Amino acid sequence: MFAEVALDLPLYSLFTYSIPDHLADEANEGKRVVVTFGKRTVTGIIVGLSKSTHLKKVIPIKFISDKTPVISRELLSFCKWISDYYIAPPGEVLFSCVPRKSNLSSTLKYELSDGAKEKFASAGLRSRIYDEIMNVFSNADDKALTVKQVEKRSGLSNLKKYFENLSDKNILSQVTGYELPTKEKFEKIVSKGKEIGDYEIILKEHKLRSPKYSDAIKIVDERKKIDYKELAAKTGITLTQLLTLSELEILRVTDKRVMREHEGEYEELKKEIELNEHQQNALNKISESIDIGSFRSYLLHGVTGSGKTEVYIKVASKCIESGKTVIVLVPEISLTPQLIHRFKVVFNNTVGTIHSKLSDGERLDTFDRILSGEIKIVIGARSALFAPLKNIGLIVVDEEHDSSYKQETSPKYNGRDAAVYRASLNNAVVLLGSATPSMESYHNAATGKYTLVHLPERVSDSIMPEIRIVDLSDKDSFDEEEKKDFLETLEKSRVRFLSKEMIFEIGRRLLLKENMIILQNRRGYHSYLECRTCSNVEMCERCHIALAYHKEAGLMKCHYCGYSRAYTGLCSKCNSRAITPKGAGTERVEEELQKLFPRAVIVRMDSDTLTSRRKYEKILKDFYDGKIDILTGTQIISKGLDFPNVTLVGVINADIGLLNPDFRATEKTFQILTQVSGRSGRSNKRGEVLIQTNHADYFVFNSVKSHDYKGFYEREIRLRKELTYPPFSRIALVELKSENLTQAGNSAKELFTFITQSDKKKILNVFPPVQPLFSKLKDKHRFHIMIKSPKDRDPAGSYLASILRKTRHHSLSEISRSVMVTIDVDAVNLM
Ligand code: ADP
Ligand code: ZN
Ligand code: ZN
């Protein structure tokens, strides 16, 4: 028998290994194996089995790591699709399915040699430490143990030389074992042993006089079963002492697996919710497909505050009732404590979360709980799509328009699109939800590929906020008599980026004790520093990116690579002091607001201040509890938050990103403005939104102001069609990176020629290589070749995929090794 194995390495091919006879019964698809690859020992996953091979020389598999497959047939097909569609290494995709650090690695272990006890008794080793080590070995369930394991179990340290000694004396023997870097966690449970009735006599016989023994025994006798930790806390008994009692069969010590779970900080009051008419209609429509168990894609377009989460929960309930399982994808798990909390309230511990902040232990336990069927609902960021759930009935993609569904490292898949595919494999329903659907998804709904479900109104008595566009280029549009005094004083102190309207409205809300969200989608204090003497802009040494000034840290930082240097106040080129700071960031906004409103409680939230998820949840809780007046920050605060007392949302500069060289720039601006506006007025108090811009006449602001998604869509989709941008085409980016600019440029030209020549049917639109906006990142010069594949001629993208596969192959064999080539299908980041 032979196995096709995908290795946990960034390689594009599968490898064939033979299966030794003694492993033949165990070898199944979806199990992990340990194999030799060159000089290395690596883990792989069996993706196929066959009786024969045309290969001459095949080496055997060394080891099969799993008792049951960790990847089902269904998940194997899913991964194959991802690997084919996104031109990604199959092993890399497959290993997204298993927890990192759960692959076996080889380690040195020890076990008792034959006749170890007798040898030990006659060796005359004096130190108690040897007894302890022997004790651990004789009590262990697993024969072979590492030094570390023994240290942990005995509570002793630095045991290495004792092991060496025991091994020299042939009491312990060395074995090479395979070890999980992350282990299951066990708790010791103490219960009654056979001899408990005679414990007093036995203790006396063995001169065990410490009262700890009898105390512990009495407690166990009474309680029948007790956690070791609790027993130790009560009586002071040590593990070694307990193990002595266990050897005398007075007590029994057993291991019980405990599951580690990530606890969230965020909580809110539980509400009894009855769906309103629109929600009920949505539920009914979606339930049809759940009931018959057929694949169907729904787009839930619900305005902000329309109660989409409730719909997800009710559909999920239906699914669970029919014995199926559910995946809920969210853009960034740490930004979604509210949604997780609401699901947990309803589904308790059948909910599991998967995200990057889990410890390795939590990750492993969650994985095992999913495999065992204990977890039925998995909530997580895009990688949760690879969860090994069986019998999936529903996949929810919340905020489906969010660009973080696209993974920017290999495998460069889009979680939203892949969700649709995985749902189809399961005959499941996929439910994409958003207040601002992506052009792609809404187009799919408009053309009938998806079923559109609409929630046109906010729940209960809240209505959409009133939105005002403040034209920053208009000098003084504000002159009502009553506000004059206030404004005059203000005029002296105010900064240009805060309009009078903004300041006035913030002041008013503070008096009313209402809460505010102020968005500035840019970190730091100033976005760049320019010298008036020599026009130098302080740049990152590694990237083609201006350094942002961070006042608190006293640093100039590159927001791409993290490079930073101290801010000296002098131009680094000409030493002039004449430095003009440009562009306010969140730090500056916070500072100015605090100057203007010294008594307001203002909290800034951006990736500089959010060092942990706990901190984030704490801030949200404080905001929910009304302890914070103003929450200011980057787009982090624009997403999904639901706080009833927010009545003002302010956008300091709506133009950030608007003029980016990206065909989605307008769409992104529309989304972020609509989303952040949606945080305002979510209960009975009417909300207001102030959006500051220098381009007030641009159509996107009008659409935002009039809550007109449809109007925006129609206008934007026409532009996309004219220029054959997605959804009318697929876009793939071939990126070339090298420290050597000329080499990168030449290789780009060569690859461009290759691609155009491969496009024999002349279906593709291949653009000559250009240097993108960030022409250098982390010391590497970059070139992009953009390929558009019109959907009318290549509907499933298979023609594009075939050309890209050739391109990949060609670049591996023909392009200089100093140039790195990556392929990004359905690229989202074009800069
Ligand atoms: P969305 O995600 O659509 O912006 P949410 O799902 O966060 O909106 O819901 C907004 C608020 O309305 C939440 O506090 C939710 O508990 C509440 N809510 C949802 N449905 C109802 C309903 N039918 N009646 C009353 N309140 C509701
Ligand atoms: Zn200068
Ligand atoms: Zn940099």
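Predicted model: local features only at pLDDT ≥ 70, side-chain atom pairs only at ≥ 80, totals over all residues.
The zinc ion (ligand 3) is held by four cysteine side chains. Its coordinating atoms are the SG atoms of Cys540, Cys543, Cys558 and Cys561, at distances of 2.2 to 2.4 Å. The angles among the 4 donor atoms run from 105 to 117 degrees, and the site is tetrahedral. Along the sequence, the donor residues of the zinc ion (ligand 3) follow the spacing C-x2-C-x14-C-x2-C.

Ligand 1 is surrounded by 18 residues, and the closest of them are Lys271, Glu274, Gln279, Gly305 and Asp642. By residue class, the shell around ligand 1 consists of 4 nonpolar, 7 polar and 7 charged residues. The element that gives the most to this shell is helix α12, which spans residues 308-321 and supplies 3 residues. Distances to oxygen atoms of ligand 1 were computed for glycine 307, lysine 308 and threonine 309. For glycine 307, a backbone N or O atom is placed 3.1 Å from an oxygen atom of the ligand. For lysine 308, the atom concerned is a polar side-chain atom, and the distance to an oxygen atom of ligand 1 is 2.9 Å. Threonine 309 likewise has a polar side-chain atom facing the comparison, at 2.8 Å from an oxygen atom of ligand 1. On its own, ligand 1 has 570 Å² of accessible area, of which the protein covers 86%.

Helix α10 comprises residues 239-247 and is mostly covered, with 7 of its 9 residues buried. The buried positions in α10 are Leu239, Thr240, Gln241, Leu242, Leu243, Leu245 and Ser246. After α10 comes glutamate 249, which has a positive phi, near 60 degrees.

Another glutamate, glutamate 591, lies within helix α19, which covers residues 586-596. Glutamate 591 counts as partly exposed because its relative accessibility is 23%, whereas the term buried is kept for values under 20%. Glutamate 591 and aspartate 66 are 525 residues apart along the chain, and their C-alpha atoms are separated by 56 Å.

Notes
Residues numbered from 1 in each chain as written. Chains lettered and ligands numbered in written order. Heavy atoms only, no water. Donors = N, O, S within 2.8 Å, 3.2 Å for Na, K, Ca; no water. Tetrahedral: all angles 85-135°; square planar, octahedral: opposite > 155°, others 65-115°. Near = heavy atom within 4 Å. Polar contact = N/O pair within 3.5 Å; in protein donor to acceptor, adjacent residues only side chain to side chain. Areas by Shrake-Rupley, 256 points an atom, 1.4 Å probe, with all protein chains shown as cover. Helix = DSSP H or I, 4+ residues; strand = E, 2+ residues; numbered from the N terminus. Nonpolar A, V, L, I, M, F, W, Y, C, P; charged D, E, K, R; others polar. Buried < 20%, exposed > 50% of the residue type's maximum accessible area, 1.4 Å probe, protein only.
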